[in-house]
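The exercises below ask you to read a fold from its strands and helices and then to follow individual side chains. Each task is followed by a solution that goes step by step.

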Amino acid sequence: MATSKKTTSSKKSKDVSSAKKAEMISQIADDMKAQRIEVLDVHKKTSATSMMVIASGTSDTHVRSITDRVQEKMREAGFKPRHKNPGPGTGWLLLDYGDVVFHAMLEEKRQFYDLETLWNTMKPNPDLIDD
């Protein structure tokens, strides 16, 4: 019985668009009181991912809690990250779901790396196939 449940969940997860997945992640982060949540559509700029969700936490513990809850709720929805960076105490945690990458960062790290400006000012890559 557990196998058919996994198959159903897996089938459901394949039907979810990148935008919907990013929306799910941003809602989970919001439920955890993440700050300045932004969703970036980068599919015309890189082949590495389609969407990025960036959120700030108020402390390393808060950043870890946000990331843990996103991972837990996304797993319940049938999504497992392909990669996650470890490093409690780094001020920046990442969950890579393939088509969506989630960044939870301390505000100071977020301002320093300024991913939003990097990706928003980058021109589309003409070598990428248009969908």
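Two strands are said to pair if DSSP finds at least two bridges between them; helices (H or I, at least four residues) and strands (E, at least two) are DSSP runs, numbered from the N terminus. This is a predicted model, in which local features need pLDDT of at least 70 and side-chain atom pairs count only at pLDDT 80 or more, while totals for chains, interfaces and linings use all residues. Residues are numbered from 1 along each chain as its sequence is written, and side-chain values use heavy atoms, with hydrogens and water left out.

**Exercise 1. Work out the order of the strands in the sheet, and state in which sense β4 and β5 pair.**

Step 1. The sheet is open and has 5 strands, arranged in the order β1-β2-β5-β4-β3 with mixed pairing. At its edges lie β1 (35-41) and β3 (83-84), each of which pairs on one side only.

Step 2. Strand β4 (residues 92-96) is antiparallel to strand β5 (residues 100-106), and 5 bridges connect the two. Within this pair, Asp96 stands opposite Val101 in β5.

**Exercise 2. Is Arg110 buried or exposed, and with which residue does Arg110 form a salt bridge?**

Step 1. Arg110 lies in helix α4 (residues 107-113). Buried means under 20% relative accessible area, exposed over 50%, and partly exposed in between, with a 1.4 Å probe and protein chains only; Arg110 counts as buried because its relative accessibility is 1%.

Step 2. A salt bridge is a side-chain nitrogen of Lys or Arg within 4 Å of a carboxyl oxygen of Asp or Glu. Arg110 forms one with Glu116, the closest N and O atoms being 2.4 Å apart, and both of these residues are buried. Salt bridges that share partners join Glu38, Arg110 and Glu116 into one network.

Step 3. Leaving aside neighbours within four places in sequence, the residues in contact with Arg110 include Gln35, Ile54, Met105 and Leu115. Gln35, found in strand β1, is partly exposed, with a relative accessible area of 39%.

**Exercise 3. How many salt bridges does the structure hold, and how far apart along helix α2 are Lys20 and Glu23?**

Step 1. The structure holds 8 salt bridges. One of them joins the side chains of Lys20 and Glu23 (3.6 Å, N to O), and these two residues of helix α2 are 3 residues apart, about one turn of the helix.

Step 2. Lys20 is partly exposed at 40% relative accessible area, and Glu23 is partly exposed at 46%.

Terms used
Contact means heavy atoms within 4.5 Å.
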